[in-house]
Amino acid sequence: MNESLSSAKKPHRVRKWLVGAGLLMALMAVSGCHTLGFYGQAIRGQYQIFASEQPITQLEASAQTPERLKARFELLSQLREFARTELKLPVDNHYAKYADLHRRFVVWNVEAAPEFSMQPKTWWYPLLGSLEYRGYFSVAAATNYARSLRQEGYDVSVGGVEAYSTLGWFKDPVLNTFIFEPDADFAEIIFHELAHQRVFARGDTDFNEAFATSVGEEGARRWLKQKGDSKALDEYLGHLKRNQDFVRLALSTRSRLEEVYGDERLEGEKVISTNKRRSVPAAELRRQKQQVLDEMKQRYARLKAQWGGNNEYDGWFAHPINNSHLNSVAAYYDLVPAFEQLLREKGGDMQTFYKAVEHLAKSPKKERDQSLRALARTANAFAEAKAPLAGQ
């Protein structure tokens, strides 16, 4: 089986599935049995969350609530207040309830791409548009669907999801799947998810996830600075630096595979499959593909040496790497430099930054992509002037 079950640690830590209320009503008239079955499991999964929710105020007052959990509720309260006052995020009643689902992940995402193309497979959802993943509340259902995609010739990955957003349709609870993450990671998750409540561009996975990632990381940095915890801040900044190195490695590998497959990038950087290399035998394409992936592992080994042996990405490399794994990294991080540059240009003011992002979200996709790519080029030119790409 080529598909792998990721550990959901960064860069997959905040992988999520965006869902909305009322989807079943729209689907009843237009969907076949297979699609209805998919949304049926979504409704059952969401209902399980509803049934498990308990008000945090009641849990804090209960003598039966473990002290360890009460301490996390106190931290959550601080993070919600910081998100509201400092990051200008719409906290509302999100994360005012707690749900213990008695499992490691809330959902499992399935992602896919052709064996010889980096063009991601997409799925259409009412109200949300086309997204590059399919979410299941059961690991068995996710792996079964992944298996069917593999039989169709796709590269497939299955990743466990710790947190997800309903985009304001419901008041999202805090879950057992992420409440005990390290403090900085917990803060980043909360800020990331709340960012989805602030801005969402229909049908644009890369835009939405990169925006939320940039807000989550910036929020965690500011929160740690406000706390005055210099040790925790240094550790978090070190992690972000390693993550940047990893992302550069993954994205450069993705670009090299696009060349192997003969993919093209349309205006706006959308990757599409072409017929350029259809005359090359499949066995030769597989050989070239494997060579690129083997070289990626070698470059990762050099990165680890530069990091002093830090092994936080070993789990990602423990599974066979394929096109869908690399696309999942791109979806979350390819545009992050653009949003970071936009925040710098707005002088670090969150409200002004959000207004600019909202304007981009409402713009035609072609115009939005052009603006983001221009911002990304500015950011990357600055970064490259400071230091060469790591791991090369």
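**Helix H5**

I began with the buried residues of H5, and I found Ala142, Tyr145, Ala146 and Leu149. Looking down the axis of H5, I saw these buried residues fall within an arc of 105°, so they line one face of the helix. I reminded myself that an α-helix has 3.6 residues a turn, so residues three or four places apart point the same way. A note to keep beside every entry here: I am working from a predicted model.

Next I checked the length of H5. The helix covers residues 139-151, which makes 13 residues. From its first C-alpha to its last it reaches 18 Å, close to the 18 Å expected at 1.5 Å a residue.

I then looked at both ends. At the start of H5, the backbone nitrogen of Ala140 has a side-chain oxygen of Ser138 within 3.2 Å. Just after H5, I noted Gly153 with a positive phi of about 100°.

E8 is joined to E4 (residues 107-114) by eight bridges, and the two strands run antiparallel. To find my place in this pair, I used Pro114, which stands opposite Tyr154 in E8.

E4 also pairs with E7 (residues 134-136): three bridges join them, again antiparallel.

My next stop was an open sheet of three strands, in the order E2-E3-E9, with mixed pairing. E2 (53-55) and E9 (174-175) stand at the edges with a single partner strand each, so one side of each has no neighbour in the sheet.

For E3 and E9 I found two bridges and a parallel run. Ala99 is the residue I used to find E9, as it stands opposite Leu175 there.

**Ser52 and its surroundings**

Ala99 came up again when I looked at Ser52. Leaving out residues up to four places away in sequence, Ser52 touches Tyr98, Ala99, Asp100 and Leu101. Ser52 itself sits in helix H2, residues 33-52. A polar atom of its side chain lies 2.8 Å from the backbone oxygen of Gln48.

**The loop between H4 and E3**

Which residues here have a positive phi without being glycine? I noted Asp92, with a phi of about 50°, and Tyr95, with a phi near 65°. Asp92 is in the loop between helix H4 (67-85) and strand E3 (97-99), and Tyr95 also has its place in the loop between H4 and E3. I checked the exposure of Tyr95 as well: the residue is buried, with a relative accessible area of 3%.

In H9 (residues 282-306) I picked out Leu303. Buried or exposed, I wondered about Leu303? Its relative accessibility is 0%, so Leu303 counts as buried.

H11 (residues 323-333) gave me a mostly covered helix, with eleven of its eleven residues buried. Among them are Asn323, His325, Asn327 and Tyr333.

**The chain as a whole**

I closed with the totals. I counted 14 helices and eleven strands in the protein chain. Of its 392 residues, 55% are buried. I put its accessible surface at about 17,200 Å², with 51% of that belonging to carbon and sulfur atoms. Among the contacts with a separation of 6 or more, 76% are between residues 24 or more positions apart.

Notes. Residues numbered from 1 in each chain as written. Predicted model: local features only at pLDDT ≥ 70, side-chain atom pairs only at ≥ 80, totals over all residues. Heavy atoms only, no water. Helix = DSSP H or I, 4+ residues; strand = E, 2+ residues; numbered from the N terminus. Buried < 20%, exposed > 50% of the residue type's maximum accessible area, 1.4 Å probe, protein only. Contact = heavy atoms within 4.5 Å. Areas by Shrake-Rupley, 256 points an atom, 1.4 Å probe, with all protein chains shown as cover. Pairing = 2+ DSSP bridges. Expected span 1.5 Å × (residues − 1). Arc of directions from axis to C-beta. Polar contact = N/O pair within 3.5 Å; in protein donor to acceptor, adjacent residues only side chain to side chain.
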